[in-house]
Amino acid sequence: MDYNSPGNIKVISADKKLFDEIRISDLLPKIVKIDVEGHEPTVISELMKSTMREDIHYLYFKANKSRYDVAQLIKTLERLGFRKLFQSAYTGYHDLTFTKT
């Protein structure tokens with residue numbers, strides 16, 4: 001299948017293995033934007049297990065408070081060494097930006 005053709009979508013798993021592979025090929029500081037329609041805790045969990053975690057300078061995602069406990073996810077990131085830089089809440093969502101402390 002030609003994934004470069006219009007209408008074709010390539011699906012990959014965003015897991016620890018993928019993030020580790022990215023780090024092997026690119027050791028530059030990372031700005032990570034996550035947009036996975038309510039699956040942010042899963043992607044963040046895999047990202048935090050990976051070696052790429054050490055290269056993250058900024059992490060941005062939109063959180064949906066009807067899908068998971070946003071406050072708990074914030075606490076988890078803070079416990080893992082990230083500091084919240086920005087939070088904006090509106091109609092069931094939060095825009096969140098973190099930096100590595």
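The legends below describe close-up views of a predicted model.

**View 1. Confidence along the predicted protein chain.** The protein chain has an average pLDDT of 90. A score of at least 70 is reached by 95% of the residues. Within this chain, helix H3 (residues 70-79) has the highest confidence, at 96. Confidence is lowest in helix H1 (residues 16-25), where the mean is 92.

**View 2. The stacked rings of Phe61 and Phe98.** Two aromatic pairs are present in the structure. Phe61 and Phe98 form a stacked pair, with 6.0 Å from centre to centre and 5 degrees between the planes. Because Phe61 belongs to strand S2 (residues 56-64) and Phe98 to strand S4 (residues 93-100), the pair ties together parts that are 37 residues apart in sequence. Phe61 and Phe98 are both buried.

**View 3. The largest nonpolar core.** This core has 20 residues. The members that touch the most others are Ile34, Leu47, Met48, Leu59, Phe61, Leu77 and Phe98. At least two residues of the core come from each of S1, helix H2 (40-49), S2, H3 and S4. When residues up to four places away in sequence are not counted, Met48 touches Arg53, Ile56, Leu59, Leu77, Leu80 and Phe82.

View 4. Lys30 is located in strand S1. Its relative accessibility is 9%, so Lys30 counts as buried, the limit for this class being under 20%. The side chain of Lys30 reaches the backbone oxygen of Leu28 at a distance of 2.6 Å. Apart from neighbours within four places in sequence, the residues in contact with Lys30 are Ile22, Met52, Asp55, Ile56, His57 and Tyr58.

**View 5. The exposed residue Ile31.** Ile31 also has its place in strand S1, which comprises residues 30-34. Ile31 counts as exposed because its relative accessibility is 70%, and the exposed class begins over 50%. Ile31 and Thr97 are separated by 66 residues in sequence, while their C-alpha atoms are 10 Å apart in space.

**View 6. A charge over the ring of Tyr93.** The charged end of Lys62 sits over the ring of Tyr93. The distance from this charged end to the centre of the ring is 5.9 Å.

Notes:
Residues are numbered from 1 along each chain as its sequence is written. This is a predicted model: local features need pLDDT of at least 70, side-chain atom pairs count only at pLDDT 80 or more; totals for chains, interfaces and linings use all residues. Side-chain values use heavy atoms; hydrogens and water are left out. Helices (H or I, at least four residues) and strands (E, at least two) are DSSP runs, numbered from the N terminus. Buried means under 20% relative accessible area, exposed over 50%, partly exposed in between (1.4 Å probe, protein chains only). pLDDT is the predictor's confidence in each residue, from 0 to 100. Rings of Phe, Tyr and Trp (its six-membered ring) pair if their centres lie within 6.5 Å; planes under 30 degrees apart count as stacked, over 60 as edge-to-face and the rest as tilted. A charge sits over a ring if NZ of Lys or CZ of Arg is within 6 Å of the ring centre and within 35 degrees of the ring normal. A polar contact is a pair of N or O atoms within 3.5 Å; within protein, one must be able to donate a hydrogen and the other to accept it, and residues adjacent in sequence count only if both atoms are side-chain atoms. Contact means heavy atoms within 4.5 Å. A nonpolar core is a set of buried Ala, Val, Leu, Ile, Met, Phe, Trp, Tyr and Cys residues joined through side-chain atoms within 4.5 Å.
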